[in-house]
Amino acid sequence: MALFFGWSVAVGSVGHADARAERQAAVVVRGGDTLYSTVSRCTVGFNARSGSTMYAFVSGRCAQGATTWYADAALTVSVGVTAGVSFPGNDYASVRYTNTTASYPGEVSLGAGAGTRDITGAASPVVGQSICHVGRVGGYRCGSIQAVNVTVNYGGGVVSGLFRSSICSEPGDTGGPAFSGGTAIGVIVGSSGNCSVGGVTYYQPVVEWLSVYGLSIY
């Protein structure tokens, strides 16, 4: 099984404090976008909140060792800090957004030129359920859930409670959101095969993450 990590966006450097402030105010982070740290880059699966505090769901394996998160690869626009990581056993992490000038919509990006999908709730995966996911490389693809409560040995640790779909993934797709209509179901954490030869994808359920951190989709 292959495991993959986030995708890139670029936020240009600015030469003056006022221009930088305008750049920060324009920052929008959705599900499917990328957050950067000094040790990794991770795709945001979904945004959630507790009261007025906003959080991002990212892969726990990807977030290991990271503390401060940025909206740009140059690490100039900080947007949050790591609030918790669970890996192995699980594969999820929370990033607490701290930049109040940025925006964190409760929606996911469907890829370049494809618009967004509003996510209004979350549910546990059910065998036979139709879902779609968005990967940085593999893009927007749909299929169905094949199995739940799956255990996978990553090599660096065993993760249980995952679910598997019939959808293929490519290297670089890890962290991408999986949803059924406007309902969040999980995030990509690994796969077998690829979209050229065919394959399946494994996901961390979103409901478990929401429950552990006391969060809700909005």
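Colleague: Why is the link of Cys42 and Cys62 called left-handed?

Modeller: The torsion about its S-S bond is -105°. This is a predicted model, in which local features need pLDDT of at least 70 and side-chain atom pairs count only at pLDDT 80 or more, while totals for chains, interfaces and linings use all residues. Residues are numbered from 1 along each chain as its sequence is written, and side-chain values use heavy atoms, with hydrogens and water left out.

Colleague: How do you know that Cys42 and Cys62 form a disulfide?

Modeller: A disulfide is a pair of cysteine sulfur atoms within 2.5 Å. The sulfur atoms of Cys42 and Cys62 are 2.0 Å apart, so the pair qualifies.

Colleague: What makes Cys62 count as buried?

Modeller: Its relative accessibility is 3%; buried means under 20% relative accessible area, exposed over 50%, and partly exposed in between, for a 1.4 Å probe and protein chains only. Cys42, at 0%, is therefore buried as well.

Colleague: Is Cys142 buried or partly exposed, and on what value?

Modeller: Cys142 has 45% relative accessibility and therefore counts as partly exposed.

Colleague: Why is the disulfide of Cys168 and Cys195 called right-handed?

Modeller: Because the torsion about its S-S bond is about 100°. The sulfur atoms of Cys168 and Cys195 are 2.0 Å apart. Cys168 is buried at 12%, whereas Cys195 is partly exposed at 21%.

Colleague: How many disulfides does the structure hold, and what is the pairing?

Modeller: There are three. With the bonded cysteines numbered in sequence order, the pairing is 1-2, 3-4, 5-6.
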